[in-house]
Amino acid sequence: MAKAQEQTYKEYRIREEPFYIAVEDEVEIFNAAYEARLPLLLKGPTGCGKTRFIEYMAYMLYPDEEGDDGEAFSQLITVACHEDLTASDLVGRYLLEGEETVWIDGPLTKAVKTGAICYLDEIVEARKDTTVVIHPLADHRRILSIEKRNQVIEAHPDFLMAISYNPGYQSVFKDIKQSTRQRFVSIEFDYPPADIEKEIISHESGMDIEVAADLAKLGEKVRNLKEHGLEEGVSTRLLIYTGQLIAGGVNPLRACQVAITNTITDEKEVQKAIDELVSTVF
Amino acid sequence: MTEHGSSGSPLDSSYQEKIAQVSERLSSSSFRADVEFKRASTAMARVLSLKEFELWANLGFELGNISGRSWDCATEYFKSSPIVMEIEVFAFLDLHQWVGHGKELAAISAEAAASYFKHSPRFINEVDLWSLDKWVQLGRRLLDDHWKSSKLTSAYFRTSLECLPIFGLKGMEEWVKVAAALSSHSHDVGQRFLEDSRLWFAPLTDAEREKVLQISMAMAADDYTSIPKFFPLLELHQKKVKTEVRKPLYEICLNIAAQSAEDALAFLESAPLVLSRIESKDQIHLAALGSKLSDISWEAAMEYVNNLPEILATLPAHKVPPWFEAGMEVTTENAHAGTAYYAMESRRSQEEITRLQRTVHLEDINRLLNLYAEGLTARKLKIKKLEKESGLSATALPTTDGEYIQLPDKVAEYEDYTKNFKWYKVATAHQAGYYEYDTFCFSIRALKETGLGEIPRGLREKVARSERNDLEGFFQMFNEPSLASMLFRLMEDGRVDYLLRTNYRGLKRDMLPIMEHAMAERPPLRSLTPRRAALEMLLHITTLGEVRENLDPASEVFYNFIRGEVQRVFDADATVSDSALAAARVYPLIKKLPDMKGLRREIIEALAERLGNYDGDIDELLDMLLAEAEAGDTLEDLEGGDPYLLDVLEFRGDTKPEEVQKLMKLKEIKDNIDKLNEHGVPLPLDLLKELLKMGAEMDIIGMDEEDLDSSSGLFITNIDGLSEIPAYKKVKEMLEEEPETLQQLLYGDMGINDPLESIYYYDEWDHLIDDYRSKWCKLKELSPGDGDTQFVEETLKDNSEIINVIRRQFQLLRPEMFRKVKKLESGEEIDIDSAIQAVIDKRCNLTPSEKVYQRRDKRERDVSALFLLDVSASTDEEVEKNTPALPTADTSWKDDKYSNPGYARGGGGPPPPPEPSKKGKRIIDIEKEALILMAEALESIGDEYAVFGFSGYGRDNVEFFTIKEFPERYSDKVKGRIGAIRPQRSTRMGPAIRHAISKLDKADSRLKLLILLSDGYPQDFDYGKDRTSKEYGIEDTAKALHEAREKNIHPFLITVDPAGNDYLKDMCGKNDYMVIEKVSSLPQELLRTYRTLTYR
Ligand SMILES: Nc1ncnc2c1ncn2[C@@H]1O[C@H](COP(=O)(O)OP(=O)(O)O)[C@@H](O)[C@H]1O
Ligand SMILES: [Mg+2]
């Protein structure tokens, strides 16, 4: 069980400034929201930079501090939500250790105590009962109740709640409930415009800026086909992968084929069209 | 007929005496005749007078005495007599005729005559007395002096009765001819033919039967021994070859058989094998071609069919017809050459194949290019075939109109397929480039900002003062708008291609060779007039960037000037304004250049001198030149014709930007109107005015502004043609009519006068244009009517046993299907995780949670199922009890099941094949039964479900019958509606599915099922232009099903159409359908399907 728990969230010290280029005013909004400790909802398709953004913000807000207890402190605790994620996965649980029982804090509790940012990625995937724990943390109360221990913890003054949500492929019954939604400040993300995206691709993949610009251009063109059997356009992440393949010596046409065309659709005709776009750009 | 006594009473003594008398005489001649006579006599005595009786008996003697063997015949005569007398239409007077035929026969063959007497009563009964002669005459054709022919003729009398329903009396003549032809070679073969005929011919269609008889005749004439081999092959075809394909196949076969029975057999033998290698959708068409060919040369046709798989390995199916047609020409000239052609042996044939292989057809890449253009431009640009198509020539050039990019229908200019495809790609990118680089966004306002000061003076003032803001307005500022327009287009094409090349290095790779190719065939500059040479230079510069020819000094000066101006558009930041600016700046010079040859060189050189040696501001010189040129100070054009005709480049096409600009503006207005209409907002006056302004000269006749007061405004719906024909014409027409009429018309069109009915509009997919037809179908929600619950109750009663089984099956399924819900206070099982937690809690001295149970919860099943019932007319078809029913989808249009002319005529007529005593169940009844059983199962399991029926007639009249909505309970009212369902009209599946989707979309279950019960392919009289083509409907339905999947709805189609396998794979995808062979098993199959679909 302990093992499973480790896999459900990520907790580490961000030591270097993550590379992030602001697309709009998201940095200012985040800062302002943080000042007021307003919880945040990051909305946008997969691979458009939400996670990177929150990492960047976490670093900027707590550049290189130590935690209150003097130990190495994680600025950001990320939980990837999934169908079987329950409230106790977030809050914590007792475990048996020999004849002893030991309480282990869940990621959320840890963040609440240490004053980190807790980022619940893809919140709609989690089971409904998790919202019960989030709600009191996401409004003026800022408290976490741990039923098992009969405790109510008041959040550390630095604690911040952030969740993400991809409006693209959710079906109706996987929508976020209004009662949850209305507790958050929402920042909408989309794939960055080509001139920013090319910088990102170039930086992340190590490709020269010309190839990166072409990849960004291609991204734009492929996203134009979104309605034709593509669930989502090609993500910045995939464009970076493509850049990495090209940097690794793969022929650009082939790199696009494996990292873009074949990845985003199974429909033959659309694949062909994407191939033609690729051979137009490259 | 007179009765001489009731059946029970003993016979009159006079009869008894007579009987004894005759019997005594008979017994001395034939024991068997005597026996039969005595047996028949009682019945005969009752209906005949004594005199008649005597006559009857005497006729028997006459028969018996005809020949030594004719007593057999008399025996049959006596035996059949009571039977024949029973027939209502048969009177005693007819006895002579009846016996007459027998006597004639007996004179030749007693055996044949005996058979005649044996079988003729049935003939008279089932056909009529008047046809008896014909029937006998047919038999006599088979009779000659060979002893075996007696057997043959007897066989005829026997088998013809069985075959009569198949051929009809008329058709039998051909049949007998075949038998006669065969028996002239071998009586045995002839006889076997007669005896096996019923077996062989019954499964064939009318048309097939006729063809098969003709083939048999032809074979019999050539080699009678082929017949016994022929029919087993037909049996094989029944199993392996589709009906529609058999028809052309037998046509070919007939032509072959006329020449060689042996080859015909070989052909028939190989056909199924050949066909098995051809995709089923291509078979009919390709076979039909073969049939056409066989009329000219049977040998060529044989080669053609046998080589089809090979041809298809080299050419796609749609390219076979052009190859075929070329072969037809060859064959008409020389049949041998044709045979070699179709054997793919001749060079001509090979050349044709290579040519077709390299040809790219637009229809094959239409969607691909659609996506490509949309990807490039982010606009819903669509590709279509050039309207005036004539191959790839100067008259069929790519163009665009704001909505479509039009391209030639095929390209074969280059030596291989890839290159021709690239031509399409580059041409598409060029047209798309106008949108990508904002050609049609030209505005005079932007032009002013770009460089008002650089426009030559005379023009500058006009631009500055301009009231118009569009391209046409710009061109109008020149004295010669057509020249201005041409210059602009050259500059703009140059700019667009430049931008494409710089932005897309891949495209550049493809574009350069095409440019080179296009420029390779330009006329030499020397051969042109000075003005044309200048234009040609401009073309060279905008494509290749240079002129490669050697120029004379004067031309060199012009060239340098023009090239300098083109640099303006060869810039990554150049806009459409730069093209206009560049055009305006080269205009004065080109306008000044004369459009004639052989002019004194001095004039040209003087102009070059002025330009080349000008040391002031070049702009001043341009001002001057423009002033001179526009003042008419140019050398008159001495050559007639259009002076500016310049062959444009094929890949750049021929687009009129000023027209496109107008069309796009109109489109925008139209979209606004559509939007307003959608929201039920009347057309505001401003918009209407703007619309009218598009046709500058138009005024509103018979309507003043008060009439058009926006509060009472107008709805305008039907202005679809807006982008095709100048839309204002249509609007004008509408407005010229009485305003009230117009208003009425518009309101009527909207259907808004009918608030009681729920009306919905749906788009329909047209695969021919690769796009939806917007709001094409009007769907009405209706009630099937109220009925009573009787049908449901009866069904339940009839199926009570099955229902118990169903319930048990479904309940049995239940536990496994249900989701576990953990952490409950009570439940069926212990939830281990929670239990452990509770133990830990207890150790920690915490109050452990009592929620340590888990249960499989019914609600967690989370299924919503919508059943959509095809209630088209064809579901009225009865289903035969035991034999598999064969309803075809189009039985509603024509019902020729029993129409057999020869058969149906005549007294009383024979009954069609055995009819069930009580009216049999129809498809719809079985559909309903299936529904009722399904409902039982669903009720027991608790899934959400809804039931609807659909039919309709035409796109304006799609009917959607609500039987049960999702939230509705399975009430008596619902049951009544089920009872009330009855067959309606056509089967337009697309809109019905779309409406069902909208219903399911509102449900919030994890699994949403759309189950369609149908009996045939989608069809309606206007489902696609070509009513005989199923393709349109199938494509639309496939699209609608696809839309369902996109909405997370799982569609599944169950059909009882045995031909379903032919089209359902394409329509539904290979896993989402099921063809039920036995209609009566529909209920079980539906239940089974439902179980598997929801068992995940
Ligand atoms: N604005 C940005 N600045 C820097 N990198 C970015 C930006 N947007 C996206 N990326 C890159 O895209 C990748 C995918 O983004 P990520 O944050 O993982 O997406 P998401 O969380 O939205 O699914 C990141 O690893 C990062 O390299
Ligand atoms: Mg992420």
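Colleague: Which residue of chain A has a polar backbone atom 3.2 Å from an oxygen atom of ligand 1?
Modeller: Keep in mind that this is a predicted model. A polar contact needs N or O atoms within 3.5 Å. The pair at 3.2 Å meets that cut-off, and the polar backbone atom in it belongs to C48(A).

Colleague: Thanks! How much of ligand 1 does the protein bury?
Modeller: Other backbone atoms also reach the ligand: one N or O atom of I21(A) lies 2.8 Å from a nitrogen atom of ligand 1, and one of G47(A) lies 2.6 Å from an oxygen atom of ligand 1. Taken alone, ligand 1 exposes 550 Å². Of that area, the protein buries 91%.

Colleague: And how many residues surround ligand 1?
Modeller: Helix 3 (50-61), helix 8 (194-205) and helix 10 (236-247) of chain A each give at least two residues to the shell. By type, the shell divides into seven nonpolar, five polar and four charged residues. The closest are I21(A), G47(A), T51(A), R52(A) and E204(A), and the number of surrounding residues is 16.

Colleague: Let's move to chain B. What kind of aromatic pair do F61(B) and W71(B) make?
Modeller: Across all chains there are 53 aromatic pairs. In the pair you ask about, the ring centres are 6.1 Å apart and the planes meet at 85 degrees. Planes over 60 degrees apart count as edge-to-face, so the F61(B) and W71(B) pair is edge-to-face.

Colleague: How far apart in sequence are the parts that this pair ties together?
Modeller: F61(B) sits in helix 3 (residues 50-64) of chain B, and W71(B) in helix 4 (residues 71-86) of chain B. The pair therefore ties together parts whose separation in sequence is 10 residues.

Colleague: Is F61(B) buried or exposed?
Modeller: R25(B) lies over the face of F61(B), at 3.7 Å from the ring centre. The cut-off for buried is under 20% relative accessible area. F61(B) has 6% relative accessibility, so F61(B) counts as buried.

Colleague: Is N1048(B) buried, partly exposed or exposed?
Modeller: N1048(B) also has a positive phi, near 70 degrees, and lies in the loop between helix 42 (1031-1046) and strand 15 (1049-1055) of chain B. Its relative accessibility is 46%, so N1048(B) counts as partly exposed.

Definitions and conventions
Residues are numbered from 1 along each chain as its sequence is written. Chains are lettered from A and ligands numbered from 1 in the order in which they are written. This is a predicted model: local features need pLDDT of at least 70, side-chain atom pairs count only at pLDDT 80 or more; totals for chains, interfaces and linings use all residues. Side-chain values use heavy atoms; hydrogens and water are left out. Rings of Phe, Tyr and Trp (its six-membered ring) pair if their centres lie within 6.5 Å; planes under 30 degrees apart count as stacked, over 60 as edge-to-face and the rest as tilted. Helices (H or I, at least four residues) and strands (E, at least two) are DSSP runs, numbered from the N terminus. Buried means under 20% relative accessible area, exposed over 50%, partly exposed in between (1.4 Å probe, protein chains only). A charge sits over a ring if NZ of Lys or CZ of Arg is within 6 Å of the ring centre and within 35 degrees of the ring normal. A residue is near a molecule or strand if one of its heavy atoms lies within 4 Å of it. A polar contact is a pair of N or O atoms within 3.5 Å; within protein, one must be able to donate a hydrogen and the other to accept it, and residues adjacent in sequence count only if both atoms are side-chain atoms. Accessible areas come from the Shrake-Rupley method with a 1.4 Å probe; for residues, only the protein chains shown count as cover. Ala, Val, Leu, Ile, Met, Phe, Trp, Tyr, Cys and Pro count as nonpolar, Asp, Glu, Lys and Arg as charged, and the others, Gly among them, as polar.
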